[in-house]
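Let's take a walk through this fold together, strand by strand and helix by helix. Have the model open beside you as you read.

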Amino acid sequence: MKTLSTSKSVIALVIAAATSVGAMSIANACTTAVYNNGEVSISSRSMDWYGHDEAQVVGTGKGVQNEYSATENPVTANSKYATLKINSFLKSTTAKGNGVVAEAMNDAGLEARILYLGREYTAFPEGSPATPDVSALEVPNWASDNYATVAEVLDAIESGTVDIVEAEICNLPNSGGHCSQAPVHYQFADKTGDKAVVEFVQGELKVYRGDDAEILTNNPELSVHLEFSANGKKSDGSIHPIDRRLRAKEIVTDMYSRNVTDNTAAKNAMKAVAHSTFAGYEQLDHTLEIPTVFPTLWTVHTDRNAGEWILDRYDTWAAEKYDFTMFDVNKATETVLGQHPVTK
């Protein structure tokens, strides 16, 4: 990536990005970090949103038949892999039903997740009538059900084997019952340490690999975040996505510089990512016109080699552990493994 050549350019970039963040009212600042070193293959991800999402953890065995869009030409397949999935926003509605899978991992060690990227950036191409469709909101389902590696997922997307198409979601918390086209981008990681971020910026497919893809958050598009890093911007104490990504990046860079290859030590270090990037459990966001509470609804820590999740919800005390021993991975059915105990 070309580095900006003058300090004025950097300042202009900062102002533009800050304006973009302000435009979305800092309403979403999920952050994820992926670390792979030696025998360590872990990640951490937060879900940040105004309003309760009733996150549900589901285990699904191999062989479940799925359609991955509600269009006339959907991708259809029997799942090749057993999966753990976190269904979020269960009161929201899409053409496929209620809720959306925000986080998924299969028994081959592939992770797939959705994060927020506002509609000022995101637009999906129309696609070809002859190419089968995957809904923009079904990408984690589709990827985790059918692929073992990041390379396989990217090959399907970049080769035109599938079209990722627009999808509408309605009744998200604090949306006033409104509907909107999916404001999303994606991160993938696997056991080998391969990782990728996929965005559709104004209809153009953008794919980032390697170190560029290890930390992801929300607005602005990733290329702008990478310019900040390339120009040496340091994080501060704000809850803007820009600063959260920088804080996560600094911690992961430190882990690599110390060559953390012990799994327990790496997991303990990764807690610092979650602690430094979460929005707070009952914290007022004063950047809004009318300040309101902005919680990190949940944080999930993933061990890809162990096939394990540790899920920490913002309003319950005990963390929850999930893995592939909790359901029959060879039975083509879905099992609810964990449900938020409080509905709102």
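Which residue in β2 is the bridge partner of Tyr35? The partner of Tyr35 in β2 is Ile42. Before going further, note that this is a predicted model, in which local features need pLDDT of at least 70, side-chain atom pairs count only at pLDDT 80 or more, and totals for chains, interfaces and linings use all residues. Residues are numbered from 1 along each chain as its sequence is written, and side-chain values use heavy atoms, with hydrogens and water left out.

Let's stay with strand β1, residues 32–37. Helices (H or I, at least four residues) and strands (E, at least two) are DSSP runs, numbered from the N terminus. Two strands count as paired if DSSP finds at least two bridges between them. With β2 (residues 40–48), β1 pairs in the antiparallel sense over six bridges. The two strands form a hairpin with two residues between them, and Gly38 in the turn has a positive phi of about 65°. β1 is also joined to strand β16 (residues 215–216) by two bridges, again antiparallel; there, Leu216 is the bridge partner of Thr32.

In a regular strand the side chains alternate between the two faces of the sheet. In β1, Thr32, Val34 and Asn36 point one way, while Ala33, Tyr35 and Asn37 point the other way, and all are buried. Here buried means under 20% relative accessible area, exposed over 50%, and partly exposed in between (1.4 Å probe, protein chains only). Six of the six residues of β1 are buried, so the strand is largely enclosed by the rest of the structure.

Now widen the view. Six strands form an open antiparallel sheet in the order β16-β1-β2-β19-β20-β21. Its edge strands are β16 and β21 (320–323), each pairing on one side only. Helix α5 packs on this sheet, touching β1, β2 and β16, and its direction makes about 10° with that of β1. Helix α6 packs on the sheet too, touching β1, β2, β19 (296–303) and β20 (308–313), with its direction at about 20° to that of β2.

How do these helices meet each other? Helix α5 (residues 241–257) and helix α6 (residues 263–277) pack at an angle of about 165°, with their axes 9 Å apart. Axes are lines fitted to C-alpha atoms, for helices over the stretch in contact, and angles run from 0 to 180 degrees between N-to-C directions. The two helices are therefore roughly antiparallel to each other, a term for angles over 145 degrees.

Elsewhere, helix α2 (residues 139–146) has eight of its eight residues buried, so α2 is largely enclosed by the rest of the structure. Trp142 and Asp145 are among them.

Finally, visit Gly203, in the loop between β14 (195–201) and β15 (204–209). Gly203 is partly exposed, with a relative accessible area of 27%. Leaving aside neighbours within four places in sequence, Gly203 is in contact with Ala123, Phe124 and Pro125.

Note on methods:
Parallel < 35°, antiparallel > 145°, perpendicular 65-115°, else oblique. Contact = heavy atoms within 4.5 Å.
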